[in-house]
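Please examine the sequence and the three-dimensional structure shown below. The text after it is intended as a guided reading.

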Amino acid sequence: MLYSEKVMDHFMHPRNVGVIDDADGVGEVGNAKCGDIMKIYLKIDNDIITDVKFNTFGCGSAIASSSMATEMIKGKPLSEALKLTNKAVAEALEGLPAHKLHCSVLAEEAVKAAVKDYYDKNGIEYDRSEFPDCATCAHCEGGSC
Amino acid sequence: MMIYADNAATTKMTKTAINAMLPYMDITYGNPSSLHSAGQRAAEALADARQTVADILGCAAREIYFTSGGSESDNQAILSAAEAGAKKNKRHIISTSIEHHAVLHTLNKLEKQGFEITLLDAHENGIVRPDELEKAIRPDTALVTVMYANNEIGTVQPVRELGRICREHGVIFHTDAVQAVGHIKINVADENIDMLSLSAHKFGGPKGIGALYVKRGITLTSIIEGGAQERGKRAGTENVPAIMGMAAALKESYDMIDEACSKLIPMRDRLIEGILKIPHSILNGDRYERLPGNVNVCFEGIEGESLLLILDSKGICASSGSACTSGSLDPSHVLLAIGRPHEVAHGSLRLSLSHENTEEEIEYMIENIAWTVSYLRSMSPVWRDLEEGRKEHVIQ
């Protein structure tokens, strides 16, 4: 089997699929040319993520990583969501094949991009170094996609 | 339930092929190179198998070399023609942009050694044009290698015409016929073919065995050194059971080509018709000049690997040219070569049928593919952008 049971469970029965029309923060990362795009919608109340939904174009592990990441941040304060690492997502999925690890990286980046969008929209100060810039990520660089 | 629709990847071995192999494992198990009677019985069987393959392809037995399969045959054919060319200072090779990697990677290797490679355009329909081959031939062209039928999109090339042009210009013509042999009637003499690669597991034979036809007069270079097997051109004790299985499978598939096609083509056409009812989907490869069992479609807004996983959970075994299924980041070079943009090429699905598939299976596949595409689109941000007009549809 290519994927762990956990990955297959989150792929076949993804949690939190959908769109939040009046989202407080929206983050989209990835590139259709490379084969995966993740979009995460956050509803935030008093610095707590009260609701989260995702849309993903991508392979099984991209959909599973999105599903797992949304589950891991739902109901959590923003400070905790920002601590979510790609490693934690991959571990929660009981591992990803080596060439699929970038899917968990995308999940981490999508969450951060959504939080950043919320900060930007509300004029909240934040430390820019904490937020990766998708445009400079090595994954899609150099025509390797 | 399992519906196997990945026959371009490999086929189920036929009972005939399995039964043809068994006696050569524990009864006639001698080494064909041995002088004793046990060995000689194996050598006779080997000669019979070689004759069977030769009769079907329309050549002489001495023009057939057994190899480990399609990749080895392709490698040896190309490297041999290159070496023969280099001796006459001919270092130009013509091929196509949609060849199998066994051909393309061998050509890359030769390019690094100073050969110049011209890849013919396969156009939007996945078929090369003979006049473009004629224009590409130069005085220093050592080889033209064009696949008979494409492994992904199933398009069948105008081989007879390409061969005729090569012959007129005195250039060696090789064809990778791995996907065609056993499914299309091929006669190497009538079709002006100088070298042809085939692989047994694509037509009901065992894996790890294949053959290379080499027209008399063309010098073959051995790429595996050792004993004098295969007239000194391919060392290593012959895999007699596999060779027997290959010959039996080839004969069986040739004997039933007409019957198989009359069943396969209507099933293929029904499958194409049913799948293309899905909005924003497109057939890859020419509608008519394609293998009798090949269907290859791109769906906008979804990615192929996730499609395959869901189809597998519904009992459908298929394949995709998506990057994610190959372990690389690039989608299929074939789909890119026929002009599909990257994001569309990621959403491809290949179904390759055999005569064992049924009409019920075709209907089940149509229904479940439509459901799965629609389900994946419902969670795709790319699809949402297309449907809400933020991006323009590439496939109408």
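The structure is a predicted model. In chain A, the strands β1, β2 and β3 form an open sheet in the order β1-β2-β3, and their pairing is antiparallel. The edges of this sheet are taken by β1 (25-31) and β3 (48-57) of chain A, each of which pairs on one side only. On average, and with direction ignored, neighbouring strands of the sheet are turned by 15° against each other.

The link between β2(A), residues 36-45, and β3(A) consists of nine bridges, with the two strands running antiparallel. Ile44(A) stands opposite Ile49(A) of β3(A), and Tyr41(A) has Lys53(A) as its bridge partner in β3(A). The hairpin made by β2(A) and β3(A) has two residues between the strands, and Asn46(A) adopts a positive phi there, near 55°. Although β3(A) is an edge strand, seven of its 10 residues are buried, so β3(A) is largely enclosed by the rest of the structure.

Helix α2(A), residues 60-73, lies across β2 and β3 of chain A and runs at about 175° to β3(A). Helix α5(A), residues 101-121, packs on the sheet and touches β1 and β2 of chain A, its direction making about 145° with that of β1(A).

The next topic is the contact between the two chains. Chain B contributes 22 residues and chain A contributes 22 residues. On the side of chain B that touches chain A, at least two residues each come from α10 (304-313), α11 (323-326), α13 (342-345) and α15 (381-387) of chain B. Of these helices, α10(B) provides the largest share, with four residues. By residue class, the side of chain B that touches chain A divides into nine nonpolar, eight polar and five charged residues.

Within chain B, domain 1 spans 15-255 and domain 2 spans 257-387. Taken over C-alpha atoms, the centres of domain 1 and domain 2 of chain B are separated by 29 Å. Where these domains of chain B meet, 19 residues of domain 1 are in contact with 17 residues of domain 2. The residues on the domain 1 side comprise seven nonpolar, nine polar and three charged.

Chain B also holds an open sheet of seven strands, ordered β2-β8-β7-β6-β5-β3-β4, with mixed pairing. At its edges stand β2 (64-67) and β4 (116-120) of chain B; each has a single partner strand, so one side of each is left without a neighbour in the sheet. Neighbouring strands here are turned by 20° against each other on average, direction ignored. One parallel pair is formed by β6(B) and β7(B), residues 195-199, over three bridges. Thr175(B) has Leu196(B) of β7(B) as its bridge partner.

Helix α4(B), residues 70-87, packs on this sheet, touching β2, β3 (92-96), β5, β6, β7 and β8 (210-214) of chain B. The direction of α4(B) makes about 160° with that of β5(B). Helix α5(B), residues 101-112, lies across β3, β4, β5 and β6 of chain B and runs at about 155° to β3(B).

A further helix of chain B, α7(B) (residues 159-168), has Val159(B), Leu162(B), Gly163(B) and Cys166(B) as its buried residues. These residues cover an arc of only 100° around the axis, which puts them on the same side of α7(B). The elements against which they pack are α6 (130-136), β5 (141-145) and β6 (172-176) of chain B. After α7(B) comes Gly170(B), whose phi is positive, near 65°.

Is Val128(B) buried or exposed? The cut-off for a buried residue is 20 or more other C-beta atoms within 10 Å; Val128(B) has 26 and is therefore buried. Leaving aside neighbours within four places in sequence, Val128(B) is in contact with Thr96(B), Leu120(B), Ala122(B), Leu133(B), Val146(B) and Gln157(B).

Definitions and conventions. Residues are numbered from 1 along each chain as its sequence is written. Chains are lettered from A and ligands numbered from 1 in the order in which they are written. This is a predicted model: local features need pLDDT of at least 70, side-chain atom pairs count only at pLDDT 80 or more; totals for chains, interfaces and linings use all residues. A residue is buried if 20 or more other C-beta atoms lie within 10 Å of its own, exposed if 12 or fewer, and partly exposed in between; C-beta atoms are placed from the backbone. The arc is that of the directions from the helix axis to the C-beta atoms. Two residues are in contact if their C-beta atoms, placed from the backbone, lie within 7 Å. Two strands pair if DSSP finds at least two bridges between them. Axes are lines fitted to C-alpha atoms, for helices over the stretch in contact, and angles run from 0 to 180 degrees between N-to-C directions. Domain bounds come from an automatic or database domain assignment. Ala, Val, Leu, Ile, Met, Phe, Trp, Tyr, Cys and Pro count as nonpolar, Asp, Glu, Lys and Arg as charged, and the others, Gly among them, as polar.
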